Amino acid sequence: MKIFRTYFLCCLLGLINYNQVFSQDSIDYYASGYIRYENFIYKSNIKTVEFEQENLRLSEPVIELGKGDRLILSFDDLEGDYKNYSYTLIHCDANWIPSNLLQNEYLSGFTDDRILNYRSSFNTLQPYTHYWQEIPGREVKPIISGNYIVKVFIEGEAEVPVITRRMLVIQAKAGIEATVQQATVVNNRYTKQEIDFSVFYQGIQIANPFEDVKVVLQQNGRWDNPITGLKPLFLKDNQLEYSYDDENTFNGGNEFRTFDLRTLRVQTQFVKEIVRGPDGYTVVLTMDRSRSYDRYVVENDINGKFLVKNQDGRSDVLEGEYVKVKFTLKHEILANGNFYVLGALTDWKMAPENKMVYNYDDETYEAFLYLKQGYYDYQYAFLVDGSTIPDETIVEGNHYETNNEYTILVYYRPLGGRYDQLIGIKRLISQ
């Protein structure tokens, strides 16, 4: 703990680069109980974390304050026993730094509660215990808007996180009008998508829009590459205009690659081989190749997400088998970095578990992931040594026509306010 404080102090003073100290491949960082205020799994026995709106699959964890909305957090523990898991909520500012608030200022009821819903798997080679929890629950309820971290821990070990997940609580006070179009800048017209938008705040007094209002742009629900720091370009009557030419653009990218694990009885879409061994199933996907020079092709995907589904039994969540999935990318070796399998199936992380290894005999990159039966999206991203921002376009291509989902978040902190209110959300899809 003393070493960590020393490192952290050095980072604040600029003596050490924070990203180098706590890089994705830092073994010490991954092994520690240090909480990350982001979507993260801290224990290797925890798999298939899902967090979405009740009865709305593939949705984002967003609720509106006072409307009775519910989210469902679920996960599997591969140790297969029962543990006394509990959870709590932590309020954060627009930058996902914990707010300077007491828990009773943003929560009603108790500060934490036990997760009482669990069932054991059956008819599976891999035993596991499936847990799920409604949020807000019976005893823990947010009472103000903003960003929240859901922290799951074992009862009595609140300082040692098992899972953290981001959630949004909105109290709608602002309207948003937005469009997605080809980038205005000529050099980016065929590769990037531009999000222009206006914020309408009739009914609230904003003294200094340049400081009191913060906006965040997301692509496909990802938190690893948001656009932040935009200031309004024009001010009208109760209207803020954000019509930039370059600062509000994302790479269009390409449609996600997919594979279907809903059944292990037959080879399905993009599955080359299914092998059952003494330790379980191995599924070999068809070999992937670079698409960087291919023309854009319209394909159906779920924008990087995954859907747990099992056609071999009656229960998706309790009879879904875990399988080792082999990914193979045909590509010459690149010496200045590494390829990773990227998507919701890897929490959008560049982690050691999803880093690909080069096979010199076959001239391919390979990776194995342990996944539950379902339908999955993924892409390959290249991370240059020393960088923290991956590049998917190297093998996936980059097209302005790609279908992407965008989310605009608007936060407001009045003069003298102690936390960032989430006052507006807008979702739109590129056409």
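How many bridges join strand β15 (residues 213-219) to β16? Two, and the strands run antiparallel. Here a strand is a DSSP run of E with at least two residues, a helice is a run of H or I with at least four, and numbering starts at the N terminus. Two strands pair if DSSP finds at least two bridges between them. Within this pairing, Leu217 stands opposite Ile227 in β16.

This is a predicted model, where local features need pLDDT of at least 70, side-chain atom pairs count only at pLDDT 80 or more, and totals for chains, interfaces and linings use all residues. Residues are numbered from 1 along each chain as its sequence is written, and side-chain values use heavy atoms, with hydrogens and water left out.

**Two open sheets**

Strands of a sheet pair through backbone hydrogen bonds, either parallel or antiparallel. Both sheets below have antiparallel pairing.

| Sheet order | Edge strands (residues) |
|---|---|
| β2-β4-β9-β8 | β2 (46-53) and β8 (117-120) |
| β16-β15-β30-β31 | β16 (227-228) and β31 (421-429) |

**The chain as a whole**

Overall, the protein chain holds seven helices and 31 strands. Its radius of gyration is 22 Å, close to the 22 Å from the globule rule for 431 residues, so the chain is as compact as a globular protein of that length. That radius is taken over C-alpha atoms, and the rule is 2.2 Å times the number of residues to the power 0.38. The C-alpha atoms fill a box of roughly 65 × 55 × 50 Å along the principal axes.

Buried residues (under 20% relative accessible area, 1.4 Å probe, protein chains only) make up 51% of the 431. Of the contacts (heavy atoms within 4.5 Å) with a separation of 6 or more, 71% link residues 24 or more positions apart.

The average pLDDT (the predictor's confidence in each residue, from 0 to 100) is 93, and 92% of the residues score at least 70. Residues 1-31 stay under 50, with 36 contacts beyond four places in sequence in the model. Where pLDDT is low, the predicted coordinates should not be read in detail.

Definitions and conventions: Buried means under 20% relative accessible area, exposed over 50%, partly exposed in between (1.4 Å probe, protein chains only).
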